[in-house]
Amino acid sequence: MVQKYAPQTVMTQDIFDTELIIRARRGGVKVAAIPVTVEEKRKARSSIVRRIPRTIALCFVLRLILWKERNAGS
């Protein structure tokens, strides 16, 4: 079900999964949370201090992209 939204995603970095979920929800796919436990097996490639500002900036970019797409159809 979600596979059809993957080609539409434009974000390739940290928030690909976020964009995919947003697009799927907008397309009518019911999204549910499944609790899992994750254990990191290797060190992160970049520090959280560097990832936070980048992720915030990417969220703003994604918001703008999605807004433009929604308003282009009007």
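1. The radius of gyration is taken here over C-alpha atoms, and the rule for a globule is 2.2 Å times the number of residues to the power 0.38. A compact globule of 74 residues would come out near 11 Å, but this protein has 15 Å. Along the principal axes, its C-alpha atoms fill a box of roughly 45 × 25 × 20 Å.

2. A word on the basis of these remarks. The model is predicted, with local features needing pLDDT of at least 70 and side-chain atom pairs counting only at pLDDT 80 or more, while totals for chains, interfaces and linings use all residues. Residues are numbered from 1 along each chain as its sequence is written, and side-chain values use heavy atoms, with hydrogens and water left out.

3. The protein has two helices and zero strands, where helices (H or I, at least four residues) and strands (E, at least two) are DSSP runs numbered from the N terminus. Helix α1 covers residues 16–26, and helix α2 covers residues 48–72. Taking contact to mean heavy atoms within 4.5 Å, residues 24 or more positions apart account for 57% of the contacts with a separation of 6 or more.

4. Of the 74 residues, 16% count as buried; buried means under 20% relative accessible area, exposed over 50%, and partly exposed in between, with a 1.4 Å probe and protein chains only. The largest nonpolar core consists of five residues, Met11, Ile15, Leu58, Leu62 and Leu66, a core being a set of buried Ala, Val, Leu, Ile, Met, Phe, Trp, Tyr and Cys residues joined through side-chain atoms within 4.5 Å. Beyond the residues up to four places away in sequence, Met11 touches Phe16, Glu19, Leu58, Val61, Leu62 and Ile65.

5. Three salt bridges are counted, each a side-chain nitrogen of Lys or Arg within 4 Å of a carboxyl oxygen of Asp or Glu. Arg23, in helix α1, is buried at 8% relative accessible area and meets Glu19 at 2.7 Å, N to O. Arg23 and Glu19 are four residues apart in helix α1, so about one helical turn separates them, and Glu19 counts as buried at 0%. Arg23 also forms a salt bridge with Glu69, with the closest N and O atoms 2.8 Å apart; this pair links distant parts of the chain, helix α1 and helix α2, 46 residues apart. Glu69 is partly exposed at 39%, and Glu19, Arg23 and Glu69 are linked in a network of salt bridges.

6. The side chains of Arg54 and Asp14 meet in a salt bridge at 2.6 Å, N to O. Since Arg54 lies in helix α2 and Asp14 in the segment before α1, the pair ties together parts that are 40 residues apart in sequence. Both ends are partly exposed, Arg54 at 29% and Asp14 at 33%.

7. Val29 belongs to the loop between α1 and α2 and counts as buried at 12% relative accessibility. Leaving aside neighbours within four places in sequence, Val29 is in contact with Met1, Val2, Tyr5 and Ala24.

8. On the surface, Ile48, Val49, Ile52, Ile56 and Phe60 form a nonpolar patch with about 540 Å² of accessible area together. Patches are made of residues with over 30% relative accessible area and no salt bridge, like charges being joined within 9 Å and nonpolar side chains (Val, Leu, Ile, Met, Phe, Trp, Tyr) within 5 Å. Phe60, in helix α2, is exposed at 61%. Accessible areas come from the Shrake-Rupley method with a 1.4 Å probe, and for residues only the protein chains shown count as cover.
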